[in-house]
Amino acid sequence: MVRKATLGVFLMLLMLICFGFNFPAANAQTATPSKAVITVSGIPTGTKALAVEVTVDTAVLTLGGVSSDAGGVGLADGSSKGVGVFSDMDLPETVKLTVDFTGVAAGMSSVTVGNVVDMLGTDGVAIAGAMATVDVSSVTVASSSTSTSSTSSSSSTGGTGMLSADTITITIDGQAVNSTNGANVTLAFEVEGVATVDTAGLTFMGTGATQLLTEVKGNVLTVAWDGTITDSKATLTAMLKPGTKSGATKIVVSKVEVAGGTDVTSSVAATVTPSSVTNSGGGSSTSSGGSFTLIGPTTVTGPGKAAIAFSASGVKKGQIVKVNGKTVSFSKDRSTGVVIVGLGSGSTVGLTLTTGMTTVDLGSLSVTSGSGTAPKVKVATGSNKSSGTTLKVKGSGFTETGTTVTLVPGSAVSGATVTSMSIKASPASCIPRGSFVNVATGGGTAAKKLAVHGSCE
């Protein structure tokens, strides 16, 4: 039996929402070789979708981007248990899938391929006659940078903590899920830095439908299924990991998209259970020049620039603080700092804070490569009046759908009106002086400090 899915669904798997929480290792890891070619032969006529079971040591490396020589959309399972390819047209008898490797820790991992199946998991059915081979048998991962020590007085505590709940259930209820085979569900955290969505452990259930593949990128949960949901209800179960900030945060569904990227948020009822979690731990970095804790965002779409916020204490007036060589802009009471950092072309950006002779490691910013052109922000203003608050952004490269506007520090602004060159929104809360804005599209991220008129007092 060969399960089928539309190309529109799986194109959505390439879409990214840029806010979330993910803290990769500070030192980048290099995998050698950096990719492998999996050849699938003996594919039966009429096959439009297939998956290949892949086994690697996920403590050493994970499966990254996937491309297919037969067209369609290739992707890796979020838990690095396999790869898949999907197309609206029949696949040829032989397909080659090129898989990138992402290093996690120094070591060596074998690479083996198993059955060619119609879906990953215990319910997957092997496709008769199809078999897979891989041109790489093992991969070595070595750190691409070395650790250095500093004579300055600084220390860093971990960001693990303990969550009150490490599993959440998301229920999407509405007719829109009856007529699709996949969905993107975007989560929003009221307080950034408390928790992050784990890339592993996402599952899907729906009456009349069977999970085909799942993926987590940032705060976007992507599920694809075979069959037709019959009771208008899709249920996702996701795992959470502690962030670097202690305290509580509410969790809500900010967007639901179905096949073709259609936004159905307003036509479905989306709930998260539990609706809030508490991190009893959380980490911070301290130095002789003050104490600093990364707030976020910690996951963005590149290329471009992004504004990053962190909390601070003990910073004196006139004290110069820089992150990655860029001078930090502090709030009036110097309790919060914001800086715009370049995203470069890599998968992570290390955040190094310096003040005087002291250097502090704030952690890393996870960067996911976008597709298309990154936006640009030329002017950004905020206006606080008794009648309400208005946010206006002018620039270029904005998209009417898929553009996310976020205040830093703060959260994503809902209900924005977007054209290719302008954005207008009415935030629910007053915009403090010293705020920044991030504008993210599928092509990248742009940032700008806001010119704020009117007071929040």
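Predicted model: local features only at pLDDT ≥ 70, side-chain atom pairs only at ≥ 80, totals over all residues.

User: How many bridges join S39 and S40, and in which sense do they pair?

Analyst: Six bridges join S39 and S40, and the sense is antiparallel.

User: What sheet has the order that includes S39 and S40?

Analyst: It is an open sheet of three strands, ordered S36-S39-S40, with antiparallel pairing. The edge positions are held by strand S36 (404-408) and strand S40 (444-449); each has a single partner strand, so one side of each has no neighbour in the sheet. From one strand to the next, the twist averages 20°.

User: Let us stay in that part of the chain. Which cysteines form a disulfide?

Analyst: Cys-430 and Cys-456 do, with their sulfur atoms 1.9 Å apart. The cut-off for a disulfide is 2.5 Å between the sulfur atoms, and by this rule the count is one.

User: What is the handedness of the link between Cys-430 and Cys-456?

Analyst: The link is left-handed, with -90° about the S-S bond.

User: And why does Cys-430 count as partly exposed?

Analyst: Partly exposed covers the range between the buried limit of under 20% and the exposed limit of over 50%. Cys-430 has a relative accessibility of 30%, so it counts as partly exposed. Cys-456, at 41%, also counts as partly exposed.

User: A change of topic: how many salt bridges does the structure hold?

Analyst: The structure holds one salt bridge. It is formed by the side chains of Lys-35 and Asp-100, at 3.7 Å from N to O. Lys-35 is in strand S2 (residues 35-41) and Asp-100 is in strand S7 (residues 95-103), so the pair ties together parts that lie 65 residues apart in sequence.

User: How accessible are Lys-35 and Asp-100?

Analyst: Lys-35 has a relative accessibility of 43% and counts as partly exposed. Asp-100 is partly exposed as well, with a relative accessible area of 30%.

User: What does Ile-170 touch?

Analyst: Leaving aside residues up to four places away in sequence, Ile-170 touches residues including Val-185, Leu-187, Leu-221, Leu-236, Val-253 and Val-272.

User: Next, the five-strand sheet. What is its strand order?

Analyst: The order is S26-S33-S32-S28-S29, in an open sheet with mixed pairing. S26 and strand S29 (326-327) are at the edges, each with a single partner strand, so one side of each is left without a neighbour in the sheet.

User: Which sense, parallel or antiparallel, does S33 show with S26 and with S32?

Analyst: Strand S26 (residues 299-302) and strand S33 (residues 358-369) pair in the parallel sense over four bridges. Val-300 has Val-367 in S33 as its bridge partner, and Thr-301 has Thr-368. With strand S32 (residues 348-355), S33 pairs in the antiparallel sense over eight bridges, and Gly-350 has Ser-364 in S33 as its bridge partner.

User: How many residues lie between S32 and S33 in their hairpin?

Analyst: Two residues lie between them, and Gly-356 in the turn has a positive phi of about 65°.

User: Finally, how many helices and strands does the protein have?

Analyst: The protein has one helix and 41 strands. Of its 457 residues, 47% are buried. Among contacts with a separation of 6 or more, 74% come from residues 24 or more positions apart.

Key
Residues numbered from 1 in each chain as written. Heavy atoms only, no water. Buried < 20%, exposed > 50% of the residue type's maximum accessible area, 1.4 Å probe, protein only. Contact = heavy atoms within 4.5 Å. Pairing = 2+ DSSP bridges. Axes fitted to C-alpha atoms, helices over the stretch in contact; angles between N-to-C directions. Salt bridge = Lys/Arg side-chain N within 4 Å of Asp/Glu carboxyl O.
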